[in-house]
Amino acid sequence: MKEDAMMNNMIKKLVEDYGHQLIDNRRYLHAHPELSFKERQTAAWIRQRLQAAGIPILKGIHGNSTVGYLKGTQPGPAIGFRADIDALGLTEENDLPYKSQHCGVMHACGHDAHTAVLMAMAEILAQHKECIHGTVYFIFQQAEEYLPGGAKGLVEDGVMDRLDYIFGWHVGAMDTVGTADISAGFRTAAVGTYDLKITGKGGHGGSPHQCNNPIIPAAELVSAINLIPALKCDPLANCTVSVSNLICGVAGVDNVLPETVVMGGNIRSLQTDVRDFVMIEIKRLAESISAAHQCQCDVHLVYGYPALDVDETCADIMKEAAREVGLTVVQKQPSLGAEDFAYYSQKKPAGFAHLGMADPTGKYAPTPHHNPCFYIDDEKGLPLALQFILTTYFITVKTVHS
C-alpha cells in the first residue's frame, strides 16, 4: 500500500509538472485535423516532438503512422500504447477559439485527445528513463476511421512482434469526466459489408415472359438475408444483418422491367467467425436465388475490422489503474461499433478502456461522437487520462514482475 501511494504521488507530480502543455497540444491538434491516410502534417508534428525529446523512431513503418520507443534502465516487458491520429470529414459547428481551421475536416471522435495524451506520456518518460522497465512503445496510428484501418498496416509492419502487451483508450463524450468503462471480452463488433448487382433481362411489363426481372430475386433476397440470424446462426450468437439500400428501375416509368438491381448492406457481430459465416452465406444465397430466376449476381464483400477482444489480465490492470486515479469503473454493454484496435488484440494481450469526457458542470451538453458539435472537457478529463495511462503502465510492469 505504501508503494502504491508513492507511485500515485509520483505520477500526479509528473502530470502536474507537465502543466498546461497537454491541453495546448490537444487544442493545436484539434485546430489542425487531417483525414485518414492524409495525416502528413500531424505525423510531422509527432515526429518532430519525439525527436526533440530524444525518443528514437522505429524504422520500417509505412504511411503516416509513427512508432517511438524508449528502453529502460531495468529489465521488463515490452509494452505498447496506441493513439489514433486521424479526423473525420465534418465541418465543425462549435464556436471555440481552437475550432477546426480546415473546412470539412474535424476531430469529432477525440483522436486529438488520444494523440496529445500519448505524446505527454512519451515526453514525460523520456525525462525519467529510470522509471522504465523493459521497453515502452508509443504507437501513433494513422487511419482508424477508414478501411482497411491503420492498425492492420502496423501489424503487417511487424509492430506486434515486438510487444508483450498493448493498451489503448478512447474518449467517451457522452459519459461524465471521472468514469471509466472497462471490461474483458469482446467489446466492439466485427463488421462486414456486401454489395450485390443482380443482372437479368429487361423489357416491357406487358411481356414479362420475355424478360428475367431481377427485382424478383432481389425481393426474395431481402427476406432471405434478414432471416440468416434466425435460421442459420447459433441462437446464442450475437449478430445483426441489414439490407441498407436497394436501387432499381426508374421512378414513374411503370411499364419497364429493369435489367439490373443493385443492393447492399452490413453485418455486425461480437464474434468475428460469425461475421465471416454470414458474409459467406449472403454470397451463397445471392448467387443461388439469382440463378433460380435465370439472373446473374456479382457479389462484392468487404471484411471490415474484426471484433475487439480485451484480455482479462489487461482489463484487471486497467481497472486497478482507474481506481488508483480515482475514476469510477463502470461496465457498459459491448458496442456494435467497430474499432481497428481489434487487429492488435488478435496478436497479443490487449487492454482497452473508454474514459468519460463530458462536462460534469452541465455547461456543455454531452454530444455524440461523429457529430459537428462534438465536445469534450479537456481541462478536467485529459490530466486524468494521462494519470490513468501512466498508472496502467506502472501496474503492468509490477504485475508482470510479480
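A residue counts as exposed when its relative accessible area is over 50%, and as buried when that area is under 20%. The model on screen is predicted.

Start by selecting Gln294. Gln294 sits in the loop that runs between helix H8 (272-292) and strand E12 (296-303). Its relative accessibility is 62%, so Gln294 counts as exposed. Check the backbone here too: phi of Gln294 is positive, about 60°, although the residue is not a glycine.

Next, go to Ala143, in the loop between E3 and H5. Ala143 is another non-glycine residue with a positive phi, in this case near 55°. Is Ala143 buried or exposed? Its relative accessible area is 0%, and therefore Ala143 is buried.

Stay in this loop and select Pro148, which lies between strand E3 (133-141) and helix H5 (150-156). Display the peptide bond between Leu147 and Pro148: the bond is cis, with omega at about 10°.

Now move to Ser65, in the loop between helix H3 (40-52) and strand E1 (66-71). Ser65 has a relative accessible area of 3%, so this residue is buried. Which backbone atom does the side chain of Ser65 reach? Draw a distance to the backbone nitrogen of Gln142, and the value is 3.0 Å.

To finish, show the surroundings of Ser65. Leaving out residues up to four places away in sequence, Ser65 touches Arg47, Phe140, Gln141, Gln142 and Leu154.

Methods. Residues are numbered from 1 along each chain as its sequence is written. This is a predicted model: local features need pLDDT of at least 70, side-chain atom pairs count only at pLDDT 80 or more; totals for chains, interfaces and linings use all residues. Side-chain values use heavy atoms; hydrogens and water are left out. Helices (H or I, at least four residues) and strands (E, at least two) are DSSP runs, numbered from the N terminus. Buried means under 20% relative accessible area, exposed over 50%, partly exposed in between (1.4 Å probe, protein chains only). A polar contact is a pair of N or O atoms within 3.5 Å; within protein, one must be able to donate a hydrogen and the other to accept it, and residues adjacent in sequence count only if both atoms are side-chain atoms. Contact means heavy atoms within 4.5 Å.
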